[in-house]
Amino acid sequence: FADGKIQMRRVKLAEDSPLVGVAVRELKIPSNVLITAIDRDHKVIVPGGDDMCQVGDEVLVLGDEKGVAAFEKRVGAETTSVRDVMLFGAGGIAAQVAEMLRRMRVGVRMIVPLRDDAEALAARLDGVTILHGDGTDLKLLREERVGECDAYLGLSDQDEVNLMSCQLARTLGVERTVALVQKPDYVSLYEQLGVSVAVSPRLLCANSILSIVRGGSVHRIASIEEGQAEVVEL
């Protein structure tokens with residue numbers, strides 16, 4: 001928000017987190033950070049001063065970049081720099097993500113199922129390693145040492161294949177997986193099945209349209225847990 005000056009991040013609380021079992025009003029957190037919501041078992045709570053965080057809660061915190069970073073450090077949240085990413089898919093979203101990652105100087109390997117698509121992307125995406133194969137090919141994933149990647153992205157137009165490829169990558173050691181989901185109802189299900197983040201283009205598009213329709217002073221809207229809560233900048 002505010003051209004990136006303000007951020008909202010989601011932080012999962014471990015058992016040894018200093019926030020667990022302490023009333024929100026008594027939490028020792030940076031002064032320029034607010035706890036805006038608690039996501040507990042996919043139910044959103046907008047906390048009052050007497051509410052307490054529990055182990056496994058995902059806390060949504062709002063603040064400037066330094067304040068939020070200090071909050072993450074205080075609660076022991078892990079932050080990982082992304083240097084090596086593997087993604088599966090050949091559509092427009094997959095190609096754009098690969099190009100953006102390359103511009104960020106992240107190493108990108110891209111698994112493409114059809115040879116014609118692989119050749120076209122190899123000519124288009126300079127600096128991206130294109131592999132002709134299947135994202136559910138366990139032998140290929142092992143040969144490419146997918147377990148050493150910082151993140152794996154399932155970005156094909158087939159939801160089930162994205163889920164399966166992410167699960168295989170996770171079994172091989174990838175800690176952060178992202179699946180593209182065409183059916184919005186699957187978002188929470190995929191995350192329950194072990195995918196780190198499920199992204200629905202339809203939900204993102206609907207949120208953008210809703211922001212435009214509301215008009216006036218509303219600049220941006222983010223939906224949390226399928227619309228249980230909204231974040232509005234106005």
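## What helix 2 packs against

The buried residues of helix 2 pack against strand 5, strand 6, helix 3 and strand 8 (151–154). The model is predicted, so read every value here as computed from it.

Which residues of helix 2 are buried? They are Ala94, Ala95, Ala98, Glu99 and Leu101. These residues lie on the same side of helix 2, because they cover an arc of only 165 degrees around the axis.

The face turned away from the buried side carries exposed residues. They are Gln96, Met100 and Arg103.

Helix 2 covers residues 92–103. Its 12 residues reach 17 Å from the first C-alpha to the last. That is close to the 16 Å expected at 1.5 Å a residue. Just after helix 2, Arg105 takes a positive phi of about 65 degrees.

## Strand 6 and its partners

Strand 6 (residues 107–112) is mostly covered. Of its 6 residues, 5 are buried. Strand 5 (residues 84–88) runs parallel to strand 6, and 5 bridges join them. In this pairing, Asp84 stands opposite Gly107 of strand 6.

Strand 6 also pairs with strand 7 (residues 129–132). This pairing is parallel too, over 4 bridges. Met110 has Ile130 in strand 7 as its bridge partner.

Strand 5, helix 2 and strand 6 make a right-handed β-α-β unit. Strand 6, helix 3 (residues 115–124) and strand 7 make a right-handed β-α-β unit as well.

In what order do the strands of the open sheet lie? The order is 7-6-5-8-9-10, with 6 strands and parallel pairing. Strand 7 and strand 10 (197–199) are the edge strands, and each pairs on one side only. From one strand to the next, the twist averages 20 degrees.

Helix 3 packs on the sheet and touches strand 6 and strand 7. The direction of helix 3 makes about 170 degrees with that of strand 7. Helix 5 (residues 159–171) packs on the sheet too. Helix 5 touches strand 5, strand 8 and strand 9 (177–180). Its direction makes about 175 degrees with that of strand 9.

How values were computed
Residues are numbered from 1 along each chain as its sequence is written. This is a predicted model: local features need pLDDT of at least 70, side-chain atom pairs count only at pLDDT 80 or more; totals for chains, interfaces and linings use all residues. Side-chain values use heavy atoms; hydrogens and water are left out. Buried means under 20% relative accessible area, exposed over 50%, partly exposed in between (1.4 Å probe, protein chains only). Helices (H or I, at least four residues) and strands (E, at least two) are DSSP runs, numbered from the N terminus. Two strands pair if DSSP finds at least two bridges between them. A crossover is right-handed if, with the strands pointing away from the viewer, the path from the first strand over the helix to the second runs clockwise. The expected span of a helix is 1.5 Å times one less than its number of residues. The arc is that of the directions from the helix axis to the C-beta atoms. Contact means heavy atoms within 4.5 Å. Axes are lines fitted to C-alpha atoms, for helices over the stretch in contact, and angles run from 0 to 180 degrees between N-to-C directions.
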